[in-house]
Amino acid sequence: MNPPAAPPADLDEFRAAARAWLAGADVPDPPEDYDERFAALRDWQRTLYEAGWIGFGWPEEFGGRGLTAAHQIVFSEELARARAPQPVGLIGLDVVGPTILGHGTDEQRRRLLPPLLSGEELWSQGFSEPSAGSDLASLRTKGVVEGEEIVITGQKVWTSWAEESDWCAVLARTDPDAPNHKGISYVLVPMDSPGIEVRPIVQMTGDAEFNEVFFDGVRVPVGNLLGGFGAGWKLAMDTLGHERGRYALRRRMENETSFVDLVAGLREHAAATGGNAVADRAAVQLGELYAELRAYECQARATVERIVAGDVPSPLDSIDKLTLSVTEQHLYALAVELLGPARMAADATANGLPAGHWLRGHLYARSGSVYGGSAQIQRSIVAERMLDLPRSR
Amino acid sequence: MAALHDDLAAEFAATAEEILSRLDRNRTVTGELEAGPFSATAWSAVAEAGWLEALVTEEAGGLGLGLRELAPILTAVGRHLLPGPVAEHAVAGALAVPAAADSAAARLRATLAGEGMLALVDPAAASPAAARPRLAGDELSGGCELVRFAGRASELLVAADGPDGPAVVLLDAGRDGVAVAARESLDPTTELSAVTLDGVAVGADDVVAANDVAAELLRATHAGMRVAVACELAGIADHALTISVAYAKEREQFGRPIGSFQALQHILAEMARESFALGRTCREAAAADAGAPDRLDDAALAAKAYAARAARSVVESALQVHGGIAFTIEHELHRYYTHLLFLDGFWGDRRDLHAALGRRLLAGDGDVWPAWS
Ligand SMILES: Cc1cc2nc3c(=O)[nH]c(=O)nc-3n(C[C@H](O)[C@H](O)[C@H](O)COP(=O)(O)OP(=O)(O)OC[C@H]3O[C@@H](n4cnc5c(N)ncnc54)[C@H](O)[C@@H]3O)c2cc1C
């Protein structure tokens, strides 16, 4: 495939070009069913890649567009404006991918990044374990070096999209004698390797987005190590920084779209019933939520500036993650409140809002203060690394 | 262009910090502030710095800057709790200059240069629904319950309703029929007065703007005042965070700094988050496109609403972090808190603003999420 013509670097021209392209694109309307939705979004990522609308901040030699994170955010905004979904491979694009780009060898980058961008190869992040959640550094999955191979044995849990993924970024303890943080390595594991078993875990939303992943003597070449032995903790912090900052940017766009949908539903209902959709009290709450979401947008502009300037990871990632979870939880909680007693009836519509959709969104939003490091962990990071407070004991 | 504005804004912020820090250390200012909520010395320093004229267009003889460049100054004003009607001059007064006829423009410019003072008599400062004074023939009657520093004003800039639409009128405070009654203020950095206008004679030269022009001017003024108050609140939140973090490192209990207790760390982290988000919100709102009033209105409402909520949460947390000392009249925090309570109710309390935003969202079929700039 010939690479498509480069989009304009000037941000206003870029926005206009993106808008024009999206206006003519075959934008999918993601189905509610998890598997169908996943398949549709994967096709959508391929379409974006083939037309050159993905990987803006990534170098061209690795399949990207050689632009900046600011272009990425403009495109995300235009996706939202066009009512188009974000691409599916977000763990690759926003979480693990930037770490590979920053710390991989040229060979690893050339091999791994183009299919990551196209959605041909999807990624998952194998960090958490049953006994190592917030205390990630206590992880026990072993990586034993045997000749030119690393043999991985252990268990990961809550691994999102492990079942759909082709690769997993696994944290494994390769030096059991080193202090906790020092003995960990970051290993890129093909998910079709013998010895891997994935067991989906059904979430309270009904989707089985995350999984248990068992590694039983899984062999990967030493060349799949990212950043050398013992670099795992530092790289994990890099990846988590991206998850808290970059992913928060994208998720914010989805929240903005959801808010616009919420208002559209209320307006349509009001028009159809010829009256006030909701009471005055709800107007006050809606206005309050709007102000909070706009503040989140303003904060996100700082994130874009930071990423463009190369100031990542940073304790500000944790500030972003906190704002994401708090604001998103307020958004969906208000929707559920507006649903009233119809909230638990999956196929009901109340005040113009489809109950099933908003309830699932609300349930998912509750995980925002847990995944990527809990809100408590983020606050401790802000306290110690940004405010420079003495370590708590 | 954006970068140029940001550089200029950064330069203003640095100068503002420097001047205000110098004033903080100035004995005369301290003495004046101990005697009451105003310092003539500080006020002349502010006028001399040219801040009050920043928004006056170049054609009208000013600096021709925008809210974006003024925002860091107003934030510094909040941070240093500089008393005085800075926003009334720098926003309302400055925006009125280009509309005013020569003699009124000259009177306004004089107040912005520090010769005399201006009070803004606009009931919208207290409530969006409050009735304006009425201009009938050449007489102005009505009033405004709460006007900042009206007792010191030499000129009153009045938002009124005329027979065919709104009017903006400039009155010298000594004119017959003008009564200014001081009210006790529980905010030690604010003076409040009730202003009554009883058949005050208005000449053609006193009318700064009428009808459509006045409506546009008032709209820009209201938005500008809201952004200005939001910036002051952002400065207050920033200062409350700074002193709380410092105190948490220095105060010890149970043999260690209280800042090492996780319960306090998490309060402080949340303060940092809200203060950061507020600072960025003010910056973006101040950069909203003044040429597109819908966008500026929206940005100003949202920024002021968020500011009231975030700054209040930050300063109330600061009170908690400081323990008993914060409750004393000697400690500076109570001044920040009471001024914050005043600002929360100034130019629309949070509930009014939330209601206005919510009604706009529900009523129209317009853009739910207008770009601000
Ligand atoms: C939807 C979802 C998707 C996820 N996806 C992935 C993924 O793809 N890959 C992956 O590796 N992981 C993933 N996770 C796991 C996630 O990172 C962990 O759940 C998280 O780090 C918390 O760990 P835990 O669940 O073991 O809770 P715990 O660590 O047991 O925490 C329980 C509670 O204790 C609190 N707590 C713990 N330690 C402290 C402390 N020091 N101070 C104060 N409070 C503390 C926590 O804040 C929390 O409230 C996902 C989680 C969710 C919910």
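Reply: Start with burial. A residue is buried under 20% relative accessible area, exposed over 50% and partly exposed in between, using a 1.4 Å probe and protein chains only. C282(B) has a relative accessible area of 4%, so C282(B) is buried. This is a predicted model: local features need pLDDT of at least 70, side-chain atom pairs count only at pLDDT 80 or more, and totals for chains, interfaces and linings use all residues. Residues are numbered from 1 along each chain as its sequence is written, chains are lettered from A and ligands numbered from 1 in the order in which they are written, and side-chain values use heavy atoms, leaving out hydrogens and water.

Me: How many disulfides does a search of the whole structure find?

Reply: Zero, over all chains. As for burial of another cysteine, C168(A) has 1% relative accessibility and so counts as buried.

Me: Now the ligand. Which residues come nearest?

Reply: A residue is near a molecule if one of its heavy atoms lies within 4 Å of it. There are 17 residues around the ligand, and Q125(A), S128(A), S134(A), W158(A) and S374(A) come nearest. The surrounding residues come from chains A and B, so the site is shared between chains.

Me: Which polar atoms face the ligand's oxygen and nitrogen atoms?

Reply: Look for polar contacts, pairs of N or O atoms within 3.5 Å. A backbone N or O atom of S128(A) sits 2.7 Å from a ligand oxygen. For F127(A), a backbone N or O atom is 3.0 Å from an oxygen of the ligand. S160(A) places a polar side-chain atom 2.8 Å from a ligand nitrogen. On its own the ligand has 970 Å² of accessible area (Shrake-Rupley method, 1.4 Å probe), and the protein covers 66% of that.

Me: Which element gives the most to the shell?

Reply: Helices (H or I, at least four residues) and strands (E, at least two) are DSSP runs, numbered from the N terminus. Strand 3 of chain A gives the most, with three residues. Two or more residues come from each of strand 3 (149–160) and helix 10 (375–386) of chain A.

Notes. A polar contact is a pair of N or O atoms within 3.5 Å; within protein, one must be able to donate a hydrogen and the other to accept it, and residues adjacent in sequence count only if both atoms are side-chain atoms. A disulfide is a pair of cysteine sulfur atoms within 2.5 Å.
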